[in-house]
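This report describes one protein chain, beginning with a single residue and widening to the whole fold. Please keep the sequence and the structure in view while reading.

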Amino acid sequence: MGLDGEKSPTEAILAYGRVMKDTERARKEYIERYLGKPVTGNAKMARDRYIFRMTHGDANEDEERDGGEVKHGGNTRLPYGLCEEFGIKLPEGASPKQAWEALEGKGVSATDAYKALKEDKNIKPYVDKVKKETQNKSTANKASEGASEDDKDGSKNESGKTEKPHYAPCTAATNSGVTDYIKNELKVPNCSFGWNVDARVSKTMANSLADNFARAPKIKDKIQCCGSLLAIREEIRAAKKPILLKFVKRALPSKPDWWCEEWANRNALIRQKGRRWAFYTDESFGGYKQFNDEEKKEWAEALRPFAGIYVEDSNTGNYASLEHDARIESNNGFHPKGCDTIKSIMDHEVGHLIDHTYGISKNPEIRKLYNSLSKAQIETGLSSYPTSPQVLKNGQGLSEFIAEAWSEYLNNTEPREIAKQVGDIITEVIKNDEG
């Protein structure tokens, strides 16, 4: 046994072998896939043990589920089999815990599944029951959708004016639950969060979207996708690659096919950017100025399904740490006063979406206000982010000015003069646009 009574790497391999029913294959696959070299030396034992536990869950015979209240037998194959049954694709190396979290979105309970397996010695009746309940729920939702659709999209009151839609707040505790809320309640077509994104972050994104959809209904049609970058980027890469391959072959006809293939594959990948927490992108999604008209059109059509708001997986895995950083940047003036929460980060990104949708940057009142302020006035009256060198170098000063002001307008209980002016102008523009 290893330290603290936990399994050593050798014992962990044997436990994995029992699941796979092939210990030697398990040993070889474990070493090659997760360690890259044979397990040798006591110094590596603790590291190896935790790598195994992180990739396969606890190898102990009893696994604790549902917050430690219920213990189930060590049938680690069960959640993977159920995921396959319900058509859920798990990330490579997903643990049983991650599999159960994914199954929650399909209405599958770990407690009920193990109970059914123990009592009936057969999981199929439970699976059929869950599928039937899901189908009945879906039928009921479709039946009521016609009656409730007017409330979601805004209905006409007696005077003929469009009333703002209302959305129930997201109360989900898991990423799969948040995903269901965003797709079913907010009607965003595509949504996916990586397993390492803190569910409280994704929940905050959902509630920020709900709040802003109610304030600015038109932005709902502009968001086709949201979630975390790593969960979506392979889909984006697949959409970008053929267009980039066509472009590079046209632009550099002397290059061999293998070189063009590698270039397109490399440049189709969206990489994480340092400490960026979240970002908004339209269908341009980093296109090239050298595109011809046909390529620009193809690019916009291929990337339109991915226009939306995303969080960076590696920077949003710890809710408390992210809020701590937000407080520091608000306190030192890099971001506005009152913008010290994760919601303020999301509202900033939605501010870009509102700007893009309603043309706020082109509004004469906004431009007049922005041009009347000095760098020092913006920094003391709003934040220093819109005047930072990189932002100004990219020509995004006005855009970030609007997003920062919108974030303060929504999150500061007493928004300051600049944020109040910008927020009031945006609200008036939306009101006039909605009629």
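## A residue in helix α18

N411 is part of helix α18. The model is a predicted one. Is N411 buried or exposed? With a relative accessible area of 17%, N411 falls under the 20% limit, so it counts as buried.

The side chain of N411 makes a polar contact with the side chain of D347, at 3.0 Å. If neighbours within four places in sequence are left aside, N411 is in contact with G338, T341, K343, S344 and D347.

## Helix α18 as a whole

Helix α18 covers residues 397-411. Its 15 residues should span 21 Å at 1.5 Å a residue, and its end C-alpha atoms are 21 Å apart, so the two values agree. The helix is mostly covered, with 13 of its 15 residues buried.

## Helix α9 and its surroundings

Helix α9 runs over residues 199-215 and has 17 residues. From its first C-alpha to its last it reaches 24 Å, close to the 24 Å expected at 1.5 Å a residue. At the start of α9, the backbone nitrogen of R200 has a side-chain oxygen of D198 within 2.9 Å.

How many of the 17 residues of α9 are buried? Twelve are, and the helix is mostly covered. The buried residues of α9 include A199, M205, L209, N212 and F213. What do the buried residues of α9 pack against? They pack against the helices α8 (175-184), α13 (319-331), α14 (342-358) and α18, and also against the strands β4 (225-228) and β6 (308-311).

## Strands that pair with β6

Strand β6 pairs with β4 in the parallel sense, over four bridges. In this pairing, C226 stands opposite I309 in β6.

Strand β5 (residues 278-281) is joined to β6 by four bridges as well, but these two strands run antiparallel. Here A278 stands opposite V311 in β6.

## Nonpolar cores

In soluble globular proteins, nonpolar side chains tend to be buried together. In this model, the largest nonpolar core has 57 residues. Which residues have the most contacts inside it? They are I182, L186, L209, I354 and F401. One of these, L209, is also among the buried residues of α9.

Leaving aside neighbours within four places in sequence, I354 is in contact with N212, A216, I219, G359, I360, W406, I426 and I430.

## A loop residue with positive phi

K187 is found in the loop between α8 and β3 (190-192). K187 is not a glycine, yet its phi is positive, at about 65°. Its relative accessibility is 32%, so K187 counts as partly exposed.

## The protein overall

The protein has 19 helices and six strands. Of its 435 residues, 44% are buried. The accessible surface comes to about 23300 Å², and carbon and sulfur atoms account for 49% of that area.

Contacts can also be sorted by how far apart the partners lie in sequence. Among contacts in the protein with a separation of 6 or more, 64% are between residues 24 or more positions apart.

Note on methods: Residues are numbered from 1 along each chain as its sequence is written. This is a predicted model: local features need pLDDT of at least 70, side-chain atom pairs count only at pLDDT 80 or more; totals for chains, interfaces and linings use all residues. Side-chain values use heavy atoms; hydrogens and water are left out. A nonpolar core is a set of buried Ala, Val, Leu, Ile, Met, Phe, Trp, Tyr and Cys residues joined through side-chain atoms within 4.5 Å. Buried means under 20% relative accessible area, exposed over 50%, partly exposed in between (1.4 Å probe, protein chains only). Contact means heavy atoms within 4.5 Å. The expected span of a helix is 1.5 Å times one less than its number of residues. A polar contact is a pair of N or O atoms within 3.5 Å; within protein, one must be able to donate a hydrogen and the other to accept it, and residues adjacent in sequence count only if both atoms are side-chain atoms. Accessible areas come from the Shrake-Rupley method with a 1.4 Å probe; for residues, only the protein chains shown count as cover. Two strands pair if DSSP finds at least two bridges between them.
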